[in-house]
Amino acid sequence: MPLRMSSLFVRTLKEDPVDAEVASHKLLHRAGYIRRAAPGIYTWLPLGLTVLRRVEEIVREEMNAAGSQEVHFPALLPAEPYQATGRWVDYGDDMFRLQDRRKNDYILAPTHEEVFTLLVKDLYSSYKDLPLSIYQIQTKYRDEARPRAGVLRGREFIMKDAYSFDIDDEGLSASYETMRRAYIRIFDRLGLEYITVKATAGAMGGSETEEFLHPSEVGEDTFVRSPGGYTANVEAVTTPTPEPLDFADVPAAHVEDTPDTPTIATLVAAANEQHPRADREWTAADTLKNVVVAITHPDGEREIVVIGLPGDREVDLDRAAGSGALGAGEIEVEPATEADLVAHPGLVRGYIGPGNSIDAPVLGLEGSTGIKYLLDPRVAQGSRWITGSNEHGRHVFDLVHGRDFTADGTVEAAEVRTGDPAPDGSGPLELARGVEIGQIFQLGRRYAEALGLTVLDENGKRAVVTMGSYGIGVTRVMACIAEGNHDERGLIWPQHLAPADVHVVATGKGDEILAKAEEITAELEAAGVRVLIDDRPKTSPGVKFGDAELLGVPTVLVVGRGLADGTVELRDRRTGESRDLPVAEAVAETTRFVDEQYAALGAQRTGR
Ligand code: ATP
Ligand code: MG
């Protein structure tokens with residue numbers, strides 16, 4: 001059955017949604033694919049659902065081909081399993097929590113590791129049952145702090161999540177590799193460019209993990225790459241620790257008056273003017289900047305931490321939060337507020353330092369303020385610094401790390417910059433933006449241990465199962481495809497994902513034209529070509545063409561005025577090219593053209 005514009009449940013719109021910043025969001029809304037129900041929560045209309053199903057089908061086929069079996073969990077789950085693993089707390093505000101009428105705690109699941117683990121525990125008991133890989137394509141709920149860009153970052157979204165269960169590490173590595181290859185096939189088939197990057201584990205726990213990032217300006221992730229092939233999410237970039245420096249010649253630390261120097265720039269200027277250095281000018285990189293951040297832990301506790309880093313670098317709060325050094329779970333890190341500083345009078349705004357001698361620390365858990373002090377790894381042992389003296393208008397010079405001050409540890413909190421060295425020595429880093437479309441994790445035994453998933457091994461001993469978890473954002477992937485396939489007039493779907501193969505536009509007066517368009521449509525459908533026909537009787541050609549461009553079916557067949565000369569017009573929405581076809585050849589030629597488009601994408605028309 002063809003789709004008919006006369007009855008299809010769709011309204012195309014002229015206005016962009018008010019909150020839209022990115023093209024895919026605007027166009028999916030205006031073309032009637034999605035409709036906002038609440039912030040970050042969307043209703044899927046028939047055209048949107050059709051494309052979504054096609055994306056899902058590719059994911060499903062490749063998961064099945066990789067030996068994973070489809071299951072389906074509820075989205076509404078009891079809290080207990082998540083309490084057992086600690087994620088009830090660790091997931092923080094992102095988790096939707098609710099209670100039933102008996103006041104039992106429930107969640108709308110943001111991800112399903114716990115219940116997959118318990119299901120396998122329920123049913124399996126022997127190493128002979130393993131390995132096992134199961135997955136679902138299902139709705140997830142996350143109360144994102146900043147839902148944005150339509151379904152790109154929703155609070156309700158569809159994820160394909162798969163979980164592997166193995167008896168040993170070797171098995172887990174093999175399962176992980178299998179999923180990695182399946183992901184590559186999925187993104188290749190979807191025609192989505194991706195790179196894989198090392199990532200941080202976040203609230204998931206576990207060790208080896210990679211993200212699949214789709215390079216795109218609308219992405220929220222920043223990743224790095226080096227000429228030698230190093231790639232990583234900017235959050236996972238590690239800073240090479242420099243060799244200790246010899247400080248034998250560095251004079252003893254001395255405090256100097258530096259009035260009106262609350263910023264690095266004013267400090268550097270004052271240092272050069274009043275305390276010049278013999279060999280060269282002081283620069284921002286000679287100063288040790290101490291930045292106060294406030295951490296909100298998953299249990300709601302607020303903690304103040306000071307981060308020391310070279311004065312020519314800024315703190316990257318996301319890197320700090322993802323580093324693991326500031327706390328476990330989904331922590332929030334923000335600049336300390338005025339109130340935080342008031343509450344900690346030992347911190348003298350603009351003049352904060354670790355303390356002027358190792359015997360009298362100010363920062364650090366051993367120091368007078370008792371505030372944790374963490375250093376950027378680039379602050380080498382033996383390096384000398386100009387830094388705050390904890391007195392208004394004064395700084396300390398020649399303060400040596402390891403001689404005059406120490407810290408409680410290091411933190412990867414400094415921004416990564418273009419030109420920074422790759423940690424593996426493969427050259428200078430370049431930065432780019434991307435959207436995370438998938439992530440694969442070697443979880444290890446964390447969930448199995450917490451929930452008691454063991455099986456009997458070959459020797460009849462209890463062994464803890466080792467797990468992997470593998471996600472793809474299905475609705476997000478569709479948004480990425482829309483983002484990468486549009487122009488100013490509308491969407492331009494890849495042929496194999498389009499809601500129809502051909503958009504037949506019947507334009508012009510007279511029953512004859514519509515009759516011919518209907519006849520061609522019926523023949524195309526009979527040949528297994530899916531048609532969306534614009535059969536609206538009283539709609540102008542301009543509106544019909546505008547809608548066809550907006551909706552984005554890549555192949556358009558115009559049945560109109562040309563019919564008088566025995567021709568119809570085949571338009572390629574991608575290139576804008578068009579050519580006239582003799583009516584008698586319309587069906588065969590259009591079918592051939594559509595098949596060519598499928599073949600170019602490595603896909604095949606199925607007629608569904
Ligand atoms: P992000 O860093 O973008 O918030 P995440 O790392 O929290 O994502 P995972 O827990 O790894 O996400 O979830 C697996 C996949 O689900 C992600 O790779 C992404 O494609 C998708 N996804 C995650 N959050 C959302 C969301 N709010 N809306 C749409 N898709 C999402
Ligand atoms: Mg992720």
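Start at K103, which lies in the loop between β6 and β7. Helices (H or I, at least four residues) and strands (E, at least two) are DSSP runs, numbered from the N terminus. This is a predicted model, in which local features need pLDDT of at least 70 and side-chain atom pairs count only at pLDDT 80 or more, while totals for chains, interfaces and linings use all residues. Residues are numbered from 1 along each chain as its sequence is written, chains are lettered from A and ligands numbered from 1 in the order in which they are written, and side-chain values use heavy atoms, with hydrogens and water left out.

**Stop 1**

Keep K103 selected. Its phi is near 70°, a positive value in a residue other than glycine. Most residues other than glycine have a negative phi. K103 is exposed, with a relative accessible area of 61%. Here buried means under 20% relative accessible area, exposed over 50%, and partly exposed in between (1.4 Å probe, protein chains only).

Now show β5, β7 and β6. In that order, these three strands form an open sheet with antiparallel pairing. Its edge strands are β5 (76-78) and β6 (96-99), each pairing on one side only. From one strand to the next, the twist averages 35°. Axes are lines fitted to C-alpha atoms, for helices over the stretch in contact, and angles run from 0 to 180 degrees between N-to-C directions.

Zoom in on β5 and β7 (residues 105-108). They pair in the antiparallel sense over three bridges. Two strands count as paired if DSSP finds at least two bridges between them. Pick P78: its bridge partner in β7 is Y106.

**Stop 2: a cis peptide bond**

Go to P131, in the loop between α5 (113-123) and β8 (132-141). A cis peptide bond joins L130 and P131, with omega about 0°. Most peptide bonds are trans.

**Stop 3: L453**

Next, select L453, in the loop between α10 (446-451) and β23 (454-456). L453 is buried, with a relative accessible area of 0%. Which residues is L453 in contact with, leaving aside its neighbours within four places in sequence? They are T117, V120, K121, F165, A448, A463, V464, V465 and M467. Contact means heavy atoms within 4.5 Å.

**Stop 4**

Select K289, N290, V291, V292 and G350. Of the 24 residues lining the second largest pocket, these lie nearest its centre. The space in this pocket is about 530 Å³.

How are pockets found? On a 1 Å grid over the protein atoms alone, a cavity is a set of points where a 1.4 Å probe fits but cannot get out, and a pocket is an open set with protein on both sides within 12 Å along at least five of seven lines; lining residues have an atom within 4 Å of a point. Grid points are joined across faces, edges and corners, and a volume is the space filled by probe spheres set on the points.

Colour α7 (264-274), β15 (287-296) and β19 (384-388). Each supplies at least two residues of the lining. β15 gives the most, with six residues. By type, the lining divides into 14 nonpolar, seven polar and three charged residues. Ala, Val, Leu, Ile, Met, Phe, Trp, Tyr, Cys and Pro count as nonpolar, Asp, Glu, Lys and Arg as charged, and the others, Gly among them, as polar.

Stay on α7. Its residues L267, V268, A270, A271 and N272 are buried. What covers the buried residues of α7 includes β15, β19 and β20 (394-400).

Then pick N390, in the loop between β19 and β20. N390 has a positive phi of about 70° although it is not a glycine. Is N390 buried or exposed? N390 is buried, with a relative accessible area of 14%.

**Stop 5: the six-stranded sheet**

Show β1-β29-β28-β30-β31-β32. In this order, the six strands form an open sheet with mixed pairing. Strands of a sheet pair through backbone hydrogen bonds, either parallel or antiparallel. The edge strands are β1 (3-4) and β32 (578-582), each pairing on one side only. β1 pairs with β29 (residues 531-534) in the parallel sense over two bridges. Pick R4: its bridge partner in β29 is I533.

**Last stop: the whole chain**

Zoom out. The chain has 14 helices and 32 strands. Along its principal axes, the C-alpha trace spans about 95 × 70 × 50 Å. Of its 608 residues, 52% count as buried. Among contacts with a separation of 6 or more, residues 24 or more positions apart account for 69%.
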